[in-house]
Amino acid sequence: MQRRTHLALLLLLVGCASARTPSSAPASNRSEAALTARVAAGGLSFDETERLAVAWGLVPRSSAARHLASAAPGALRFDDDWTREIAASVYSLPSGFFSAAEARAFVGAVHDLAPKREILVLADPSSREALRGLTQVRTLPTFGRAYSPWPRDPLSLTRRADGGLAVLVRPNLQRSREEDATLGRALVETLPADLDRRFQQPVWTVADVPFHNGQALIAPKAVWISIHTLEPRVLAILGTGRVPVETFGTAAGIDRYLAAVRQAADELKLLYGRPARFVHPLPEGGELADRIEILRTLGGGAGTDLDSIVTLVPRRPGAPDGPLTALVADVTAGEALLGRLSPADFASVRSTYGFSPGVDAAGILKAGLATPSARGLGSFLDAVAAHLSSEGLTVHRLPLLFAPFSALARADELPEGGTFLIGWNNAVLETRGGALRAEMFASELPTADREAVAAYAAAGARLALLPALPMSVIRGGGYRCASNHVRE
């Protein structure tokens, strides 16, 4: 009864607000603004918001009516990372992260790159206004929901057996990004009618096991993962809230953890419909000291998304399920890169990421490579490169740089002591017109970007660089994290 009264009062208040709104404002805009304000103020669940949005004609359908209770293992098809052409790209561009100029430049460049591709942007009112007039972009309202700018991590865009789209939502919430749990539903409820028909009335469902798309590289014959990909599920299996590193000093402790890792990998195999293979060695046998050292090395990769440091490319574009090339980030190559950069490169990176006045960009980036975290990640990456080579992949290395938050003018808005990566691995691939293409954010280090284009060309992919969304990169989200894609 209290809820009904609450909603009735809201309807009355919105009606009064609409009566006071100048007649030049469309009624739908007035309703959207009122609903957005109420949601932002708190008090309305997603379901309550959706019911009002449907009743007022603000969305074309209810996601609740498109809910698939469960999907049998293997019922949903995951496209690999490069075989098919991208039909539609999904972005989230909250105005709190990106300026109007950044948003417009970015989506405009995506359209220029692929004019036939649908561009869908989940956007708050300010961001929708910033993108107004760009006919190639379709903005989707968020009604005050504070979605992150990284729509890839919380959901997978899969296909049902009949070819229709199925939005698979992950069950594991990410701290400070809990709102992203409804991002998939928001996409289903707001998808324009013509795309709803084209994608055969998309449904949504929640996965049975945790996943993180930034930690999985999907090839035609396998999904490549790291031990960190499985951490949420492993901890659940072990019944603990943190990695039990104190047990890794004994063979029994290591074996117990690895048993949970194998179980979680088998579950992920069922989810993705292909074997799960590790990009690094596992401490499965040998002397205890050697096993402990392997675990210590693997620990250096914790907290870094796999797709930010490893890129898989088919060695022969005409045979996308054939041998693979692995582009693996390299801290040592980052050190060498700094020696090739010009003053113009450093000026560009200072401007792009907002370094504080007077900060020596070259010195900051050099110091970042000498930190314990950089050295630890470097050792992890060397182990990955060696392992993938032993698995038959052709391995090439790409530079990796680290920049501290403390060097930025907006350092007071960021976690103390943090760093962000500047690299050339976080790419999205597709096959279009018979050619393998890659796209990613430009680093805005012109010399390094030119070298990256050449490195991808040598691997068989034509790389296009898009204007960076700096705050996405600073917050740990490269282009792959900042996008999700429906493939043909």
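In this predicted model, four strands form an open sheet in the order β3-β2-β1-β17, and their pairing is mixed. Two strands stand at the edges: β3 (137–141) and β17. Each has a single partner strand, so one side of each is left without a neighbour in the sheet. From one strand to the next, the twist averages 20°.

How do β1 and β17 pair, and over how many bridges? Strand β1 (residues 86–92) runs antiparallel to β17, and four bridges join the two. Within this pairing, Ala88 has Val486 of β17 as its bridge partner. Helix α4 (residues 100–113) packs on the sheet. The helix touches β1, β2 (118–123) and β3. The direction of α4 makes about 160° with that of β2.

Next come the aromatic rings. A pair of aromatic rings is described by the distance of the centres and the angle of the planes. The count of aromatic pairs comes to eleven, with ring centres within 6.5 Å as the cut-off. Two of these pairs are set out below.

| Pair | Centre distance | Plane angle | Class |
|---|---|---|---|
| Phe405 and Phe420 | 6.4 Å | 20° | stacked |
| Phe441 and Tyr479 | 5.5 Å | 75° | edge-to-face |

Why is the pair of Phe405 and Phe420 stacked? The planes stand at 20°, and the cut-off for stacking is under 30 degrees. Phe405 lies in the loop between β12 (394–404) and β13 (419–423), whereas Phe420 lies in strand β13. The pair thus links distant parts of the chain, 15 residues apart. Both Phe405 and Phe420 are buried.

The planes of Phe441 and Tyr479 stand at 75°, so this pair is edge-to-face. Phe441 belongs to strand β15 (residues 435–441). Tyr479 sits in the loop between α16 (470–474) and β17 (484–487). Phe441 counts as buried at 5% relative accessibility. Tyr479 is also buried, with a relative accessible area of 0%.

Another loop position is Gln215, between β6 (203–206) and β7 (217–218). Is Gln215 buried or exposed? Its relative accessible area is 8%, so Gln215 is buried. Leaving aside residues up to four places away in sequence, Gln215 touches Trp224, Ile225, Ser226, His228, Thr229, Thr304, Asp305 and Leu306. One of these contacts, Thr229, lies 14 residues from Gln215 along the chain. The C-alpha atoms of Gln215 and Thr229 are separated by 5.2 Å.

Conventions. Residues are numbered from 1 along each chain as its sequence is written. This is a predicted model: local features need pLDDT of at least 70, side-chain atom pairs count only at pLDDT 80 or more; totals for chains, interfaces and linings use all residues. Side-chain values use heavy atoms; hydrogens and water are left out. Rings of Phe, Tyr and Trp (its six-membered ring) pair if their centres lie within 6.5 Å; planes under 30 degrees apart count as stacked, over 60 as edge-to-face and the rest as tilted. Buried means under 20% relative accessible area, exposed over 50%, partly exposed in between (1.4 Å probe, protein chains only). Contact means heavy atoms within 4.5 Å. Two strands pair if DSSP finds at least two bridges between them. Axes are lines fitted to C-alpha atoms, for helices over the stretch in contact, and angles run from 0 to 180 degrees between N-to-C directions.
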